[in-house]
Amino acid sequence: MEIIAIILGGVLINNFVFMQYLGLCPFVGVSRQLETALGMSGAVVFVMTMASAVTAALEIYVLAPLGLGYLRTIAYILVIASFVQLVEIFMKKAAPGLYKALGIYLPLITTNCAVLGVTMLNVRRSYGILLSTLNGLAGALGWSLAIIIFAGIRERWRLMDIPKTLEGFPLALISTGLMSLAFLGFQNLFKAAFH
Amino acid sequence: MKRSVFYDFIKGFIEENPTFRLVIGMCPTLAVTTSVVNGFWMGLSVIFVLVFANVFVSLLRKVTPDEIRLPVFVILIATPVVIVELVMKAYLPAMYEILGIFVPLIVVNCIIIARAEAFAFKHPVLNSFADGLGIGSGFTANLILISAIREFLGTGQITVGSFRFPQAPLFEPAAVMLTPPGGFICLGLLMAILNVLLARRERKMKAQAV
């Protein structure tokens, strides 16, 4: 039951972009084309799932027993940064095609606040390693869903006559607001189903 | 090249306003601006982190090798963030609860790493200090502006401690302004208004030039 709740919660109900304001910079920055949005989503799903697993293990086996909770922020960001670096080196050797496709998006993930955000949320909700990993995966899938839908919408703007003052970021934010309004509808739908 | 320290401070408000001109640091801008008090404390935390990080990045800029500058930045940023976290937890526990994960998330706020990379790494300490203070204050001003609008429309009044303005709500509050959709739309419209004002100023300057 909790597993279903985490998956549905991460993807739809507590969607990172629309409900928790996490990962907005890449969401607005990398959503101009569907293709790059897909590439970024792939990288984020991978990094966020792995980062959740690694930081949860770090928390349970190192930080908590040694009482180093105050080092959490520094430890996590270093884990994430080095993890991204590791993924980059590994992909360069093992999957050069994918590496090329992702290009600069890989290093950019370090500053995606959704990644650090999900690891912090895992600790606050004291999930174990398995549930943390699942939560990371669900959150990343939700983020991907959001950016892919949004990229589809943005591609259509090219054919439209947009007022000059709304071009770019203002319209991006207003569209995001309207999408988030739609996602607000999920909130009560599942509350009704689960309680 | 001698830059005016005062200019480095003042540019954060308009010319290089982080939210409206550079469009960075969006997550906290939207997440904490449901009330003026939250916006103020978040802004203050960011000012502290930004000044601390800028000063130390600038101090160490001559001895930091180019290749490992990003990890160095990250540590120099994470340190003040932990300080803010612990101080806030001890003295403002209620605010610490409200701001939640957005306090530790200051580490990945693009504003701070962008200033370290684009400014502090290339400029002397005093200028970097002014830059951090200026950009941070500009960011705080944005947070307070956005949260004032959202709180006023969303609850009908602005509450700071025991001070309320206006005393009783003048209209039926629109709670949607406090939800995520309201935040996105509010910021989008603010940016659009700013674009209109800028376009008008440009036209005026062009007319004067002719």
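**View 1. About 3,000 Å² is buried between chain A and chain B, and carbon and sulfur atoms give 83% of that area.** Buried area is the accessible area (1.4 Å probe) that two parts lose on being put together, summed over both. A:Tyr21, A:Arg124 and A:Leu173 supply 23% of the area that chain A buries against chain B, more than any other three residues. This is a predicted model: local features need pLDDT of at least 70, side-chain atom pairs count only at pLDDT 80 or more, and totals for chains, interfaces and linings use all residues; side-chain values use heavy atoms, with hydrogens and water left out. Residues are numbered from 1 along each chain as its sequence is written, while chains are lettered from A and ligands numbered from 1 in the order in which they are written.

**View 2. The contact takes 34 residues from chain A and 38 residues from chain B.** Contact means heavy atoms within 4.5 Å. The count of salt bridges between the two chains is 0. A salt bridge needs a side-chain nitrogen of Lys or Arg within 4 Å of a carboxyl oxygen of Asp or Glu. Polar contacts do cross the interface: the rule finds 3 residue pairs, both residues at pLDDT 80 or more. A polar contact is a pair of N or O atoms within 3.5 Å; within protein, one must be able to donate a hydrogen and the other to accept it, and residues adjacent in sequence count only if both atoms are side-chain atoms. On the side of chain A that touches chain B, α2 (16–20), α3 (24–29), α5 (72–94), α8 (113–124) and α10 (169–194) of chain A each supply at least two residues. α10(A) gives the most, with 10 residues. Helices (H or I, at least four residues) and strands (E, at least two) are DSSP runs, numbered from the N terminus.

**View 3. The largest nonpolar core has 103 residues.** Such a core is a set of buried Ala, Val, Leu, Ile, Met, Phe, Trp, Tyr and Cys residues joined through side-chain atoms within 4.5 Å. Those with the most contacts inside this core are A:Leu24, A:Phe27, A:Ile109, A:Leu116 and B:Phe102. Leaving aside neighbours within four places in sequence, B:Phe102 touches A:Gln20, A:Tyr21 and A:Leu22 of chain A, and B:Cys27, B:Pro28, B:Ala31, B:Val32 and B:Met42 of chain B.

**View 4. A:Ser52 sits in helix α4 (residues 34–66) of chain A.** Its relative accessibility is 0%, so A:Ser52 counts as buried. Buried means under 20% relative accessible area, exposed over 50%, and partly exposed in between (1.4 Å probe, protein chains only). The side chain of A:Ser52 reaches the backbone oxygen of A:Met48 at 2.9 Å. Beyond four places in sequence, the contacts of A:Ser52 include A:Thr119, A:Ser132 and A:Gly136. A:Thr119 belongs to helix α8 of chain A. A:Thr119 is buried too, with a relative accessible area of 1%. A:Ser52 and A:Leu137 are 85 residues apart in sequence, yet their C-alpha atoms are 8.3 Å apart in space.

**View 5. Helix α6 (residues 110–120) of chain B is mostly covered, with 8 of its 11 residues buried.** Among the buried residues are B:Cys110, B:Arg115 and B:Phe119. Their cover includes α3 of chain A, together with α1 (5–10), α3 (36–59), α4 (69–91) and α7 of chain B. B:Asn109 caps the N-terminal end of α6(B): a side-chain oxygen lies 3.0 Å from the backbone nitrogen of B:Ile111. B:Glu117 and B:Arg69 meet in a salt bridge (2.9 Å, N to O). B:Glu117 lies in helix α6 and B:Arg69 in helix α4 of chain B, so the pair ties together parts that are 48 residues apart in sequence. B:Glu117 is partly exposed, with a relative accessible area of 28%.

**View 6. A network of salt bridges links B:Asp8, B:Lys11, B:Glu16, B:Arg115 and B:Asp131.** The side chains of B:Lys11 and B:Asp8 meet at 3.2 Å, N to O. B:Lys11 is buried at 2% relative accessible area, and B:Asp8 is buried at 0%. B:Asp131 also forms a salt bridge with B:Lys11, the closest N and O atoms being 2.6 Å apart. B:Asp131 lies in helix α7 and B:Lys11 in the loop between α1 and α2 (26–31) of chain B, so the pair ties together parts that are 120 residues apart in sequence. Over all chains, the salt bridges number 6.
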